[in-house]
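Please find below some notes for a colleague who is meeting this structure for the first time. They are arranged as numbered points, each on one topic.

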Amino acid sequence: MSSGSKDIQDRVATSFQEKVSEKVRIVPEGANRFRVFTPFQFDDRDHLSIVLKRVDGLWQLSDEGHTYMHLSYDLPEKELHKGTRAKIISNALDAFSVEDREGELIASVIDERFGDALFDFVQAILKISDVSYLSRERVKSTFYDDFCQHLAESCDADRLSFDWSDNEHDPTARYQVDCRINGMPVPMYVFALPTDAKVRDATITLLQFERWGIEGHSIGIFEDQEQINRKVLARFSDICEKQYSSLAENKQRIASYLAAVLGGK
């Protein structure tokens with residue numbers, strides 16, 4: 001590898017690790033082309049496929065068609081582009097400035113902000129992968145309703161903001177918190193966690209809050225923590241302050257903790 005290529009690799013790797021995860025690695029695959037390895041996975045534990053390449057003088061991130069191919073394992077590709085699934089995909093592409101070029105997802109690197117580009121690209125792919133839930137969902141869980149009801153019973157209503165996002169930093173509400181609790185020097189962010197995807201989204205939200213310097217305590221309440229992928233759970237545990245393995249078995253503990261922190265209802 002030439003010294004110029006090594007300099008580029010080192011600079012890009014540093015940007016990726018600072019903005020996304022220390023576990024990101026890049027491996028050269030030829031002139032101006034690198035394979036990007038991240039810790040992020042689809043729910044079947046298949047890793048995201050990402051390449052960084054220089055095209056017409058511009059750096060781009062690409063999945064080279066892998067995301068749609070992966071989703072096609074569960075449903076015909078034509079089903080991805082109609083109805084609710086098409087809306088989910090379109091919203092993800094628009095929110096994170098990703099292009100769909102005949103099945104290849106592309107994100108341009110602006111002003112050499114490699115880390116920011118990768119952060120958004122990963123989120124876009126993970127959001128798009130949510131369409132698979134429309135095929136696998138059989139019985140609607142009451143977990144979220146139970147979560148909201150229990151918080152309402154444990155806290156004064158004027159302290160609770162459900163489906164909260166930070167209007168100043170996040171006007172399009174990309175990074176939502178299931179419930180924000182006020183009434184203390186810094187707020188508390190509470191996440192309802194029924195699935196790997198939801199845990200992953202909560203992890204990304206807390207990492208983004210950390211980047212923005214938004215202060216707050218964090219709690220994760222699982223529907224059943226034993227059903228969560230170990231790697232997904234490990235990343236969440238690194239950034240979340242307090243966790244409860246299930247709502248059903250910890251209602252009294254959660255209520256007591258909130259009462260202690262808030263000084264009673």
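1. How far is the sulfur of C148 from the closest cysteine sulfur, and in which residue does that sulfur lie? The closest one is in C179, at 7.2 Å, which is too far for a bond. A disulfide is taken here as a pair of cysteine sulfur atoms within 2.5 Å, and by this rule the count comes to zero.

2. On the basis of these notes: this is a predicted model, in which local features need pLDDT of at least 70 and side-chain atom pairs count only at pLDDT 80 or more, while totals for chains, interfaces and linings use all residues. Residues are numbered from 1 along each chain as its sequence is written, and side-chain values use heavy atoms, with hydrogens and water left out.

3. The sulfur of C155 also has its closest cysteine sulfur in C179, at 7.1 Å, again too far for a bond. C155 is buried, with a relative accessible area of 1%, and C148 is buried at 17%; buried means under 20% relative accessible area, exposed over 50% and partly exposed in between, for a 1.4 Å probe and protein chains only.

4. Aromatic rings of Phe, Tyr and Trp (its six-membered ring) pair if their centres lie within 6.5 Å, and planes under 30 degrees apart count as stacked, over 60 as edge-to-face and the rest as tilted. By this rule the count comes to ten aromatic pairs. Y144 and F147 are a stacked pair, because their ring centres are 5.9 Å apart and their planes are at 25°. Both residues lie in helix α6 (residues 143-154), three residues apart, about one turn of the helix; helices (H or I, at least four residues) and strands (E, at least two) are DSSP runs, numbered from the N terminus. Y144 is partly exposed at 28%, whereas F147 is buried at 1%.

5. Y189 and F209 form an edge-to-face pair, with 5.2 Å from centre to centre and 65° between the planes. This pair links distant parts of the chain, since Y189 is in strand β9 (residues 188-193) and F209 in helix α7 (residues 196-212), 20 residues apart. Y189 is buried, with a relative accessible area of 3%, and F209 counts as buried at 3%. Ring pairs link W164, Y175, Y189, F209 and W212 into a cluster.

6. S21 is placed in the loop between α1 (3-19) and β1 (25-28), and at 15% relative accessibility S21 counts as buried. Leaving aside neighbours within four places in sequence, S21 is in contact (heavy atoms within 4.5 Å) with F16 and P39.
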